[in-house]
Amino acid sequence: MPERSDTGSTAAPDQPAAGSTPPPEGEQHLSRQLSNRHIQLIAIGGAIGTGLFMGSGKTISLAGPSVIFVYMIIGVMLFFVMRAMGELLLSNLRYKSFADFAADLLGPWAGFFTGWTYWFCWIVTGIADVIAISGYVSYWWRDLPLWIPALAAVILLIALNLPTVKAFGETEFWFALIKIVAIVALIVVGLVMVFSHFQAPGGAAASFSNLWSDGGFFPTGPMGFVAGFQIATFAFVGIELVGTTAAEAENPERNLPKAINSIPVRVMLFYVVALTVIISVTPWREISAERSPFVVMFTLAGLGIAASAINFVVLTSAASSANSGIYSTSRMVYGLAREGDAPARFGSLTSRKVPANALLLSGVFLLAGVVMVAMDDSIIEAFTLVTTVSAVLFIFVWSIILISYLVYRKRRPHLHEASKFKMPGGIVMCYVVLVFFAFLLWALTQEPDTLQALLVTPVWFVILGIAWAGLRRRPGHAAREAAFRSELHNAQQD
């Protein structure tokens, strides 16, 4: 495990983490081609889910104006998860992602479970995005068979990711920029409507008083407030995406902290301010759970192209999510293969430092979305259940990050002392956020569909457990486990 010097700089990134096998000499590594603007926009794209555009109407109808506090609380809690992740990644620049430090700090089993769980989360989310893309394209070409845009989306995203990691960064940069422009436009248009005392055809006047004049901030009561967390949590899926860019970021000690520290500002602007403006223009009882409040606001403002414009924004948002899914899953499988937790062929790189085999594996699984668009509603309903399971598993990944941090603080206090990017609140905030995650799991038991997802989730861990039971007997894995146990014993002796 590389230690920091007195100046706080990290030792050479080619030094292996404890319990891992050093790479052969001359072996290729991922290339650091993601610049600061790429990292910043990837982080923003991860923080702004498609759910903000299409799902916020349902969230508002459940929680009323208190939805503002829901998004604020979730955003703040996940900020501390990102700060813990940031300190851990920068403590050893050899870490390619959070799966690496989980394996190093908790044991090889943690890297296996975390890596494959994260892969599964994004594959399922990516399939959902491919299905959504085909639906959005049908808005303009209703007679076009749905499998055509779905297949085209998968092929295009693979083609964009194959050349270099910089190609992914550029694609994600522009996808995220479109989302930002849409949200800023909504805020500006909404504020103009409020200050000009706009009156809707139904008689409702735009005013900030709409936030509290109809039942206060919590008009649906405590359980309505809790219901808001069920849906809003899913909108933040992907916020940890910046953690999978660690091995390909230029100057990570400068760019990762900048991206992570700006998360509270993004949450305030893109969620809190946007939803405040929406409810100020349209009283919360009049916001439909079935329609995007973004489309409604632009329509009220007399912008006739609102439906087409927002459809394009949501299309690019889904494409952005699928693009992130292909990128993150390919890097996760590449890391797993390097540790022997996936077939070795997925640990190879092209001459341009892209894990093409791992990328194509993710693309093959996304093709399942092409098949599913031809299925009937019952299949889609079952798929919705699987998507919910994926979101629940993201909570598992976020929890592993926090637990890894707690072990890091106990076993490697010297690295924490030398860190220039310490997590605020440290150990105390880790426990606070873990208690919050327990609250989220309880909230998910309050509705039949999310409860069903929770009951199904253990099946995934049973599958992983069986796979790990067979894998851990291999000589390479036994050696890694022995090295981990040895380091753990030495740490306890000290």
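Of the 494 residues of the protein, 57% count as buried. Buried means under 20% relative accessible area, exposed means over 50%, and partly exposed lies in between, with a 1.4 Å probe and protein chains only. The model is predicted: local features need pLDDT of at least 70, side-chain atom pairs count only at pLDDT 80 or more, and totals for chains, interfaces and linings use all residues. Residues are numbered from 1 along each chain as its sequence is written, and side-chain values use heavy atoms, without hydrogens and water.

**Overall build**

The protein has 21 helices and zero strands. Helices (H or I, at least four residues) and strands (E, at least two) are DSSP runs, numbered from the N terminus. A contact means heavy atoms within 4.5 Å. Among contacts between residues at least 6 apart in sequence, 83% join residues at least 24 apart.

Helix H4 covers residues 67–91. Its 25 residues should span 36 Å at 1.5 Å a residue, and its end C-alpha atoms are 36 Å apart, which agrees. The expected span is 1.5 Å times one less than the number of residues. In H4, 21 of the 25 residues are buried, so this helix is largely enclosed by the rest of the structure.

**Salt bridges**

Side chains of opposite charge can pair when their charged atoms come close. A salt bridge is a side-chain nitrogen of Lys or Arg within 4 Å of a carboxyl oxygen of Asp or Glu. By this rule the count is two.

| Pair | Closest N to O |
|---|---|
| Arginine 412 and aspartate 104 | 3.0 Å |

Arginine 412 forms a salt bridge with aspartate 104. Arginine 412 lies in the loop between helix H16 (377–411) and helix H17 (413–418), and aspartate 104 in helix H5 (residues 98–106), so the pair ties together parts that are 308 residues apart in sequence. Arginine 412 is buried at 3% relative accessibility. Aspartate 104 is buried too, at 2%.

Aspartate 214 is partly exposed at 28%. Arginine 285 is exposed at 54%.

**Inside the helices**

Serine 330 belongs to helix H13 (residues 306–338). Its relative accessible area is 0%, so serine 330 is buried. A polar contact is a pair of N or O atoms within 3.5 Å; within protein, one must be able to donate a hydrogen and the other to accept it, and residues adjacent in sequence count only if both atoms are side-chain atoms. The serine 330 side chain makes one with the side chain of arginine 331, at 3.1 Å. That serine 330 side chain also reaches the backbone oxygen of tyrosine 327 at 2.7 Å. Leaving out residues up to four places away in sequence, serine 330 touches Pro355, Ala358, Leu359 and Ser362.

Glycine 115 is in helix H6. Glycine 115 is buried, with 0% relative accessible area. With residues up to four places away in sequence left out, glycine 115 touches Ala99, Ala110, Met332 and Leu336.

Tyrosine 136 is also in H6, which covers residues 108–137. Tyrosine 136 is buried at 17%.
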